[in-house]
Structure formats: structure tokens, C-alpha cells
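Please read the following note with the sequence and the structure at hand. The points proceed from the sheet to the helices, and then to a pair of aromatic rings.

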Amino acid sequence: MSRTDLAAVVGCARVVLLDFDGPVCSIFAQRPASTVAHELRRLLVDQGVTLPAEILHEPDPLAVLRFTATLGRPAVARQVEEALCREEVTAARTAEPTPYGREVIVAAHQTGRRVAVVSNNSAGSIHAYLTGRRLTSYVHPVIGRAPANPDRMKPNPAPVLDAVRELHADPEHCVLVGDSLSDIEAAHAAGVASIGYANKRGKRERFAAADAVIDSMAELVAAFAVDEL
């Protein structure tokens, strides 16, 4: 994608929807996601759940959470959800800020744009991070994972649409910045433009469907500044 693509997308955006883990911070920087996934598996085994091969070594705690939805045991699903929420809140306290992530939030605010977070992480962990970094006044609303309902996580457009509705915004004037294909798919399903944040090697090629792609959040800060000239 070219700078022209990014400028065009930013120029139309009056609302910036940010994914949390990636564009804002690395939530599991100090407590690895694989360790959290292991703890969730232990909880499932303690509840008598037989783990399939694809879950036994799954490093993503959100994938373990999705698996619980297939069990047909709501009480177990709630236990796993609550355990993951606790882990995420703890991890948020030591999360590593994404370079220029804070600057994107402040620049968007200063250029008259509203900023929201739309994430598959829990709302509690997002609030914990924003409070610790003194960013709460810049961000509203925070749309986190629907409790014990992993089917509503992105790429389901529901959380994106929840944010759009709460802001009384037109989807055509919104853009979602995310670092995964599920972000891009959720944005487009909601009628919202998307910017792929290619924060790892190989991601740029995977974001072919995004309306623009950036390698650094600094590009977004610069685009906001240029749009104001």
C-alpha cells in the first residue's frame, strides 16, 4: 500500500478504532501467552475435560477460550473466562507499550478524532492498562471481549458495531487499526475501513484485503499531522 492509500483512509476517518494487543501494547510481553494458555488447560483438565490434540500445545489463550465454547458446559466456560480475565489484568500491569501507540491515541484526539478500543481481550485489562498509562481521558468506549461468549470475538463484526453504535458514528467515517486478519475481516463486515499494522515479518503480505498497511504506528501519527495541514 502507498502513502496515498493511507492518507485517503485517514482523511475520511473521524473515529479511530484500535485493537488493543498490537497497536496499543503487547499485553503478554512479561507473562507469555503460552504460559497463560497452559494455566487455562490445567483448569480444564481439573474439570475433567479431555483436551484434543490441537489444544494440547496451543500457545494462544484465546484459542483455548474458543475451545471451551464447544464443550457445552457453560459453568466451565465461565470459569475459564474468569481465569483468563484475571491473567489479562495482571499482564496489563507489565504490558509493553507499542512504539508510537500512545502518540497515535494523542494525535488522533488532538486532531478532533474520537478514539475507541475494540479488542478480543477483556475490558478490565484494557482499562487497567489505560489507567496505568494515563490514557483513559483519550479513549471511549472500550469494547472488550463479551464475557463467556467467544463466538462474539472478532472476526465477528459485533464488537466493532457496538463501538460504532455507542459513538453514534457513521461506519464510513470510521477506521479500525489491527494487527491480525480477524481485525481486517471484522472491520469490513461492519462496513468500516481497515489499516493493517504489519508488526511482524510476513504480515504485510497477509493484509492484502486491508485498505492500507503500515509497518510502524509512527506512520499513522505522521498521517494525522499531514491531514491537519
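1. In which sense do strand β1 and strand β4 pair, and over how many bridges? The model under discussion is a predicted one. In it, β1, formed by residues 15-18, pairs with β4, formed by residues 114-118, in the parallel sense, and four bridges join them. Within this pairing, valine 15 has arginine 114 of β4 opposite to it.

2. The two strands belong to an open sheet of six strands. Read across the sheet, the order is β5-β4-β1-β6-β7-β8, and the pairing is parallel. The edges are formed by β5 (139-143) and β8 (212-214), each of which pairs on one side only. From one strand to the next, the twist averages 25°.

3. Two helices that pack on the sheet deserve attention. Helix α7, residues 123-132, touches β4 and β5, and its direction makes about 155° with that of β5. Helix α8, residues 158-166, touches β1, β4, β5 and β6 (174-178). The direction of α8 makes about 145° with that of β5.

4. A further point concerns a contact between two helices. The axes of helix α2 (residues 33-46) and helix α4 (residues 61-68) come within 8 Å and cross at roughly 25°. Angles under 35 degrees count as roughly parallel, and α2 and α4 are therefore described as roughly parallel to each other. On the side of α2, the contact is made by Ala33, Val36, Ala37, Leu40, Arg41 and Leu44. On the side of α4, Pro61, Val64, Phe67 and Thr68 take part. Sorted by class, the residues in this contact are eight nonpolar, one polar and one charged.

5. How many aromatic pairs does a search of the whole structure find? The search finds one. The pair consists of phenylalanine 20 and tyrosine 129, whose ring centres are 5.6 Å apart and whose planes stand at 75°. Planes over 60 degrees apart count as edge-to-face, so the pair receives that description. Phenylalanine 20 lies in the loop between β1 and β2 (25-26), while tyrosine 129 lies in helix α7. The pair thus links distant parts of the chain, 109 residues apart.

6. Are the two partners of this pair buried or exposed? Residues under 20% relative accessible area count as buried. Phenylalanine 20 has a relative accessibility of 0% and is therefore buried. Tyrosine 129, with a relative accessible area of 4%, is buried as well.

How values were computed. Residues are numbered from 1 along each chain as its sequence is written. This is a predicted model: local features need pLDDT of at least 70, side-chain atom pairs count only at pLDDT 80 or more; totals for chains, interfaces and linings use all residues. Side-chain values use heavy atoms; hydrogens and water are left out. Two strands pair if DSSP finds at least two bridges between them. Axes are lines fitted to C-alpha atoms, for helices over the stretch in contact, and angles run from 0 to 180 degrees between N-to-C directions. Contact means heavy atoms within 4.5 Å. Angles under 35 degrees count as roughly parallel, over 145 as roughly antiparallel, 65 to 115 as roughly perpendicular and the rest as oblique. Ala, Val, Leu, Ile, Met, Phe, Trp, Tyr, Cys and Pro count as nonpolar, Asp, Glu, Lys and Arg as charged, and the others, Gly among them, as polar. Rings of Phe, Tyr and Trp (its six-membered ring) pair if their centres lie within 6.5 Å; planes under 30 degrees apart count as stacked, over 60 as edge-to-face and the rest as tilted. Buried means under 20% relative accessible area, exposed over 50%, partly exposed in between (1.4 Å probe, protein chains only).
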